Amino acid sequence: MILKPFNLAEVLKNSDLDKGLRAIAEKVQSNERLTDEEGVLLFEKGELGFVGALANLVAERLHGGKVYFNRNFHIEPTNVCVFTCNFCSYSRLYKHRDDGWELGMEQMLDIVRKYDGQPVTEVHIVGGVHPKMNLDFFCELLSKICAHRPDLHIKGFTAVELDYMIRKAKLSIEEGMKKLSDAGLQSLPGGGAEIFHPDVRNEICADKVDADGWLHIHETAHNLGMHSNATMLYGHIENYAHRIDHMSRLRALQDKTGGFNCFIPLKFRNGDNDMSHIAESTIIEDLRLYAISRIFMDNFRNLKAYWPMLGRQTAQLTLSFGVNDLDGTIDDTTKIYSMAGAEEQTPSLTTEQLCEMILAVGRIPVERDTLYNEIKVFNEGVLL
Ligand code: V47
Ligand code: SF4
């Protein structure tokens, strides 16, 4: 065992515990929703052991000891991007496209073909916003992937990519999303959310889709029967109230549509970007954030730690702080985090390695599909 979850009964024995925190613990025990003010209080005063014990209670109530992963691979069509997010280490402007990459249709289909005969269940497509890769190009890609591999779930395009390609095609968001859905798009990844609050958004990514635009695209997808994920880029210039504001807006949309599969906090990595002067958050702050997310986001069933960005050891630690999902095998194509200084230079884990990471902290590994249907429960000793 690397770290046993904190025990709530022990934590509550502390007679010095802040009154507000004790009231929060009572609410969480009786499954009541926290207010925004209570969320901020958790960030201000909740020590790691306290928030960890509560998050663990919530995670075990929802999932027993199960931790999910899937077998997926990524396609990153390009890192050429019309936007200039200050935290991004990955993108290149169109005028500097010779330093970047632009995959053609056949190159992307070759990536899909590489997995022929392998039991992958999902392809995750995400990249920069290329001014020449338009809606029709991506609809053709989706149809061709579907024709080649109809069993593969296609999760693709952040709301930022979608907003740009649909506006450029002069369609409404509803029309554009319908077109993509008809071509084979089944889910949206959670990227592009960053921090919704305009005081932060205008400082770190002023020129891309705003909070309302991001939320509208996800709501439209949900209304079309698609599911999606939601992210939050944390650990830079945002304060606790900005984090809670972000989570609160997501929680409100989830109340309305129920279409989010999971919440994914993304730790800001400071390698080689315009925010490199900002120190990265500590592991204790990372774990506190995961735990508080688990406690606050009461209508999100799943909380994901994205190991290529966090590093596999910290990701493993989050399993004792409310996390119940480790994303997937990923394979070696994703560059977003390695270019920002993450430890994983060519992220790839076998199913066996993922199972070992989960079993080592006393949890039960479960392979899932994109929609969290269980594919296989791995009992101890039965690894694949
Ligand atoms: O929106 C960019 C983030 C996101 C940095 O839905 C950075 O399953 C940290 O969408 N430090 C894109 N983060 C990635 C994404 C994603 C990733 C994992 C799982 C899923 C899912 C979606 O990457 C961007 C931005 O928030 N990002 N640069 C950086 N320096
Ligand atoms: Fe472009 Fe995405 Fe990087 Fe922003 S984060 S510059 S939208 S690739």
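Which strands each supply at least two residues of the shell around ligand 1?

Reply: The model is a predicted one, and the description that follows should be read with that in mind. Two strands answer the question: strand E6, which spans residues 227-234, and strand E7, which spans 260-267, each supply at least two residues of the shell around ligand 1. Of the elements that contribute, E7 gives the most to this shell, with three residues.

The shell as a whole consists of 23 residues that surround ligand 1, and the closest of them are Lys155, Gly190, Gly192, Glu194 and Lys304. By residue class, the shell around ligand 1 divides into ten nonpolar, seven polar and six charged residues.

A polar backbone atom of Gly190, one of the closest residues, lies 2.8 Å from an oxygen atom of ligand 1. The side chain of Asn229 also takes part, with an N or O atom 3.0 Å from an oxygen atom of the ligand.

For context, the model contains a second ligand, and its shell can be set beside the one just described. The residues around ligand 2 are Cys81, Phe83, Cys85, Phe87, Cys88, Tyr90, Ser91, Gly128, Val160 and Lys208. By class, these divide into seven nonpolar, two polar and one charged.

A further element of the fold is an open sheet formed by four strands in the order E9-E1-E10-E11, with mixed pairing. Strand E9 (325-328) and strand E11 (374-377) stand at the edges, and each has a single partner strand, so one side of each is left without a neighbour in the sheet. On average, and ignoring direction, neighbouring strands of this sheet are turned by 25 degrees against each other. Strand E10, residues 364-368, runs antiparallel to E11 and is joined to that strand by three bridges, and Glu367 stands opposite Lys376 in E11. Helix H15, made up of residues 351-359, packs on the sheet, where the helix touches strand E1 (66-70), E9 and E10, and its direction makes about 160 degrees with that of E1.

Notes. Residues numbered from 1 in each chain as written. Chains lettered and ligands numbered in written order. Predicted model: local features only at pLDDT ≥ 70, side-chain atom pairs only at ≥ 80, totals over all residues. Heavy atoms only, no water. Near = heavy atom within 4 Å. Polar contact = N/O pair within 3.5 Å; in protein donor to acceptor, adjacent residues only side chain to side chain. Nonpolar A, V, L, I, M, F, W, Y, C, P; charged D, E, K, R; others polar. Pairing = 2+ DSSP bridges. Axes fitted to C-alpha atoms, helices over the stretch in contact; angles between N-to-C directions. Contact = heavy atoms within 4.5 Å.
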